[in-house]
Amino acid sequence: MFLVNDLIALLAANLIFSQALGTSTLFAAAASRKDLVRTAVTITLFTTIGSLGAWGIDNILPRPMKNYVSLICYTVIVGILYAGFLTVLYFMGSAKFRKYKKYIHISAFNCAVMGTLFTVSGRAADLHRTRDVLCYLGGGIEAGIGFIIAALILAAAYRKLTSEKVPESFRGFPAMLIYLGIISMAVYALN
Amino acid sequence: MKNTRNSVFDGILGDNMVLSSLMMISPVIICGDTLKNALALIFAFTSITFISMLIGSFVPKKLPYTARIIIYAAISSLVYIPVRFAAEGFYPESIERIGIYYPLLAVNSLIVLQSEAKFYRMKRSRMIGSLVFYILGFDAVMLITGFVRELFAYGTINSRIVSIDTLISGLGKPFGGFIFLGLMCGVYRCIRSAFRAKNRNMS
């Protein structure tokens, strides 16, 4: 029962179905199941480690400045992670670097990662838990897992949504948007 | 002249950044449910994107790709600060409602990715022309979405009540945004292919 409740909570707070964050990235990677999973995993890394950075920033920045300055601070965090991940990958060997670098490029600056940092920060402020690092870490992991779930749900229907049976004008992206809309409606009902 | 005309259709009809490439769809889906929100988003997107990309075009190409991308994102995040100040004066209620989607406009794909792939390969004068029409393409979609969703979801236009028989409250919700954008995307493709067929027949 707890597992079902957790799953429902995860779906309800899903960054794609309830906030439409990272939808473009999801579609960009949707053509291949491998790409989708790898992108989702990379985004999870960014959201999880990035959330720790957001925790640090939120505890340093004075509240009146947050609305204006947090974006540039989060951008610096993601920028450092972006360069850091590429450097680590580079030292893992040139073959791996060539194979996996595109996932880091796709995942760095997008709504899924930046949006998660803002969402996690906002939620911590609402719950008065800005000093609780676990609240941030949990939010980052949850967002990443949410993205993976959304990726799997899209991957399940991808072939049908791009098949020739769908009218040409609606084939691909438009059908995917409507499909995500229907799933989002179901998730909304769970709320 | 032909090039200029092409760039108009590139940004608005031929390659609309929202309807063709599905860039920046999160704010359209979540916040594009009223005309006021749409106007606040248009103000921020237009000013941040235009100024950031103009400044970004001066970043030396000798720098590594990753460094350039980080610099573009940092520039737009800095441009966001005065734009946010101004927006709080013009659209105080909308800023509150838009929430996290307002800063997200500053790190949009047009600035971070398309700048490198498309715009900074052009001459600066042509880049500015093309950029203006891409921005107008986003603005047009945002306006249409805000107008139609507000009308049918809440029965108002710019917060003024209008007489309308059919209300679809779901259009104001995120799932309504997904479905509406999907339908709009399909209609856009229909219109685009009709235009292309017409142009082909004429030539």
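**A close look at one contact**

Modeller: On one side of this contact (C-beta atoms, placed from the backbone, within 7 Å), B:Ala40, B:Phe43, B:Ala44, B:Ser47, B:Ile48, B:Ile51, B:Ser52, B:Ile55 and B:Gly56 belong to H3(B), and they meet B:Tyr72, B:Ile75, B:Ser76, B:Val79, B:Tyr80, B:Val83, B:Ala87 and B:Phe90 of H4(B). The model is predicted, and local features need pLDDT of at least 70, side-chain atom pairs pLDDT 80 or more, whereas totals for chains, interfaces and linings use all residues. Residues are numbered from 1 along each chain as its sequence is written, while chains are lettered from A and ligands numbered from 1 in the order in which they are written.

By class, this contact of H3(B) with H4(B) brings together 13 nonpolar and four polar residues, and no charged residues (Ala, Val, Leu, Ile, Met, Phe, Trp, Tyr, Cys and Pro are nonpolar; Asp, Glu, Lys and Arg charged; the others, Gly among them, polar). H3 covers residues 35-56 of chain B and H4 covers residues 65-90, and they pack at an angle of about 145 degrees with their axes 9 Å apart (lines fitted to C-alpha atoms over the stretch in contact, with angles from 0 to 180 degrees between N-to-C directions).

Stepping back, chain B has nine helices and two strands (DSSP runs of H or I, at least four residues, and of E, at least two), and along the sequence they follow the pattern α-α-α-α-α-α-α-α-β-β-α. The C-alpha atoms of chain B fill a box of roughly 60 × 50 × 25 Å along the principal axes. Among contacts in chain B between residues at least 6 apart in sequence, 76% join residues at least 24 apart.

Notes. Two residues are in contact if their C-beta atoms, placed from the backbone, lie within 7 Å.
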